[in-house]
Amino acid sequence: MLFVLWIAFFDQTSLIYDIHLTRKENQLKAQKVYYEKQTQVAIEQLKELQTNPANMEKFAREKYFMKKSNEDVYVLVDKNNNLVDTLNIKAK
């Protein structure tokens, strides 16, 4: 009985340690899936930027808030700080 208790709780390969490692493995698998999706999105955006100059201008305006010298740019965000829309209004 003492041997079983020792193996279950106090040994390096205890059940508690094994459960901890299993949880950590599941977290890392979830992170891997997330980063694979983000990589795929970035690859698609790169293809779009390389094929269409209009997309490059749109990307520069939305991500880096670049503008032409004769216009003002207004950025609207929602409560969660997500980009809602951008309005480009030319200066008079």
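From the N terminus on, the elements of the protein run α-α-α-β-β, which comes to three helices and two strands. Here helices (H or I, at least four residues) and strands (E, at least two) are DSSP runs, numbered from the N terminus. The model is a predicted one, so to speak of local features takes a pLDDT of at least 70, while side-chain atom pairs count only at pLDDT 80 or more, and totals for chains, interfaces and linings use all residues. Residues are numbered from 1 along each chain as its sequence is written, and side-chain values use heavy atoms, with hydrogens and water left out.

Take the overall picture to begin with. Of the 92 residues of the protein, 7% count as buried; buried means under 20% relative accessible area, exposed means over 50%, and partly exposed is in between (1.4 Å probe, protein chains only). The accessible surface comes to about 8,700 Å², worked out by the Shrake-Rupley method with a 1.4 Å probe, and for residues only the protein chains shown count as cover. Carbon and sulfur atoms hold 59% of that surface.

Next come the charged side chains. Side chains of opposite charge can pair when their charged atoms come close. The rule for a salt bridge is a side-chain nitrogen of Lys or Arg within 4 Å of a carboxyl oxygen of Asp or Glu, and the count comes to one. The partners are Glu-25 and Lys-29, with their closest N and O atoms 3.5 Å apart. Both residues sit in helix 2 (residues 15-51), four residues apart, or about one turn of the helix. Glu-25 is partly exposed at 40% relative accessible area, and Lys-29 is partly exposed too, at 47%.

Aromatic rings are up next. Rings of Phe, Tyr and Trp (its six-membered ring) pair if their centres lie within 6.5 Å; planes under 30 degrees apart count as stacked, over 60 as edge-to-face and the rest as tilted. The whole structure has two such pairs. Tyr-34 and Tyr-35 make an edge-to-face pair, 5.1 Å centre to centre with 70° between the planes. Tyr-34 is partly exposed, at 45% relative accessible area, whereas Tyr-35 is exposed, at 52%. Phe-59 and Tyr-64 are edge-to-face as well, with 6.0 Å centre to centre and 75° between the planes. Phe-59 is partly exposed at 27%, while Tyr-64 counts as exposed at 56%.

Phe-59 leads on to helix 3, where it is found. Leaving aside residues up to four places away in sequence, Phe-59 touches Leu-49 and Tyr-64. Leu-49 is 10 residues from Phe-59 along the chain, and their C-alpha atoms are separated by 7.8 Å. Helix 3 itself (residues 53-64) has 12 residues and reaches 16 Å from its first C-alpha to its last, close to the 16 Å expected at 1.5 Å a residue; the expected span is 1.5 Å times one less than the number of residues. At the start of helix 3, a side-chain oxygen of Asn-52 reaches to within 3.1 Å of the backbone nitrogen of Ala-54. After helix 3 comes Phe-65, with a positive phi near 55°.

Notes. A polar contact is a pair of N or O atoms within 3.5 Å; within protein, one must be able to donate a hydrogen and the other to accept it, and residues adjacent in sequence count only if both atoms are side-chain atoms. Contact means heavy atoms within 4.5 Å.
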